[in-house]
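Below is a short briefing on selected local features of one model.

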Amino acid sequence: MTTNQPGGIPLGVLELLKRSDKQPADDVRDLITLAQGVERAGYRRIWLAEHHVDDAAVTTPEVLLAGMLMATSTIRAGLGGVILPYRSPYRVAELARSLAALSPGRVDVGVCRGPGLVDPAIAGELVQGNEWEIAPEAFEPKTRRALRFLRGEGTPPVWPNGDVDYSTWVLGSSDGTAKLAGEGGAGFAASLFIARNEEPVARSIGAYRAALGASAGRAVVAVSVVGAATADAAERREEKLRREGFLPSNVVGDFDDCRRKLASIAARCGADELLIVSFSRNPAERAGLYANLMTSR
């Protein structure tokens, strides 16, 4: 078998870190094994989402990320993304620089609006009752501040001082968020698996590139995929996920058909790269999807 990136578009993985029916320690071990498999398959990067919900295997992805970096050697690994309403911009930069010191040149750190939860009581605890932190108008100034610290600017300086090699991203789907990413010199990741419609995603990538000016930039699109050996098997898996309450997947089909559809999505959205998202709670099923999307027989 050989690697087969759809249409020459590099692929990454966005892991939603869904809890399985195993014990928490088993989930963590499975996730690290999954990252090793994603690396062997030839993916460019693996990102970990932050969620504070009852079906999350891990609610502190930065801890899991450190383990993944130690267990892999070439793949880029990142926080995709840190929910900024619940975090200090300075603390986000500390996380980025500390992780990059652990594994220089392989760390991505992305910030996003969230929400990453459904319980307002948990949101209140995360911000210790400071409602401004989670107000809509707080996101833009917090993002600008976070990007300054992540660029190594601002006062006080962020430890460790000096040159630390990592990549900074902003995640979202709106034109405004895309503009923030471009103006801050960060990469931009759009969530088709949430937005559902390619048109606003393509428009936001256009806004991102316009805000960058002469810079090339980096635009990725996260796409939900259900793949199987046959189209019928994929449809059955998709129906099961829908019964469990998940959003419809962007791409459903046999693996060859999935690769064709992914290439088309990348072209229509103007993406430089795609991130594969699986809603499955079964880590072995997710690992199989990731492996098969990158192989041809």
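Leu17 sits in the loop between strand E2 (11-15) and H1, where helices (H or I, at least four residues) and strands (E, at least two) are DSSP runs numbered from the N terminus. The model is predicted, so local features need pLDDT of at least 70 and side-chain atom pairs count only at pLDDT 80 or more, while totals for chains, interfaces and linings use all residues. Residues are numbered from 1 along each chain as its sequence is written, and side-chain values use heavy atoms, with hydrogens and water left out.

**Backbone**

- Most residues other than glycine have a negative phi, and most peptide bonds are trans.
- Leu17, which is not a glycine, has a positive phi near 60°.
- Gln128 is not a glycine either, and its phi is positive at about 50°.
- Gln128 belongs to the loop between H4 and H5, and with 76% relative accessibility Gln128 is exposed.
- The peptide bond between Gly114 and Pro115 is cis, with omega near 15°; Pro115 is found in the loop between strand E5 (107-112) and helix H4 (120-126).
- Thr155 and Pro156 are also joined by a cis peptide bond, with omega about 0°; Pro156 is in the loop between helix H5 (139-150) and strand E6 (166-172).

**Aromatic pairs and a charge over a ring**

- Rings of Phe, Tyr and Trp (its six-membered ring) pair if their centres lie within 6.5 Å; planes under 30 degrees apart count as stacked, over 60 as edge-to-face and the rest as tilted.
- The count under this rule is 6 aromatic pairs.
- Tyr43 and Tyr290 form an edge-to-face pair, because their ring centres are 6.3 Å apart and their planes are at 75°.
- This pair ties together parts that are 247 residues apart in sequence, because Tyr43 is in the loop between helix H1 (24-41) and strand E3 (45-48) and Tyr290 is in helix H11 (residues 283-293).
- Tyr43 is buried at 4% relative accessibility, and Tyr290 is buried at 1%.
- The pair of Phe193 and Phe279 is tilted, because the ring centres are 6.3 Å apart and the planes are at 55°.
- Phe193 is in helix H7 (residues 192-195) and Phe279 is in the loop between strand E10 (273-277) and H11, so their pair ties together parts 86 residues apart in sequence.
- Phe193 is buried with a relative accessible area of 9%, and Phe279 is buried at 6%.
- Phe193, Phe246 and Phe279 are linked by ring pairs into a cluster.
- The charged end of Arg218 sits over the ring of Trp169, at 4.7 Å from the ring centre; the rule asks for NZ of Lys or CZ of Arg within 6 Å of the ring centre and within 35 degrees of the ring normal.

**Helix H2**

- In helix H2 (residues 61-71), the residues Pro61, Glu62, Leu64, Leu65, Met68 and Leu69 are buried.
- The buried residues of H2 are covered by elements including H1, E3, strand E4 (76-83), helix H3 (89-102) and E5, where contact means heavy atoms within 4.5 Å.

Notes: Buried < 20%, exposed > 50% of the residue type's maximum accessible area, 1.4 Å probe, protein only.
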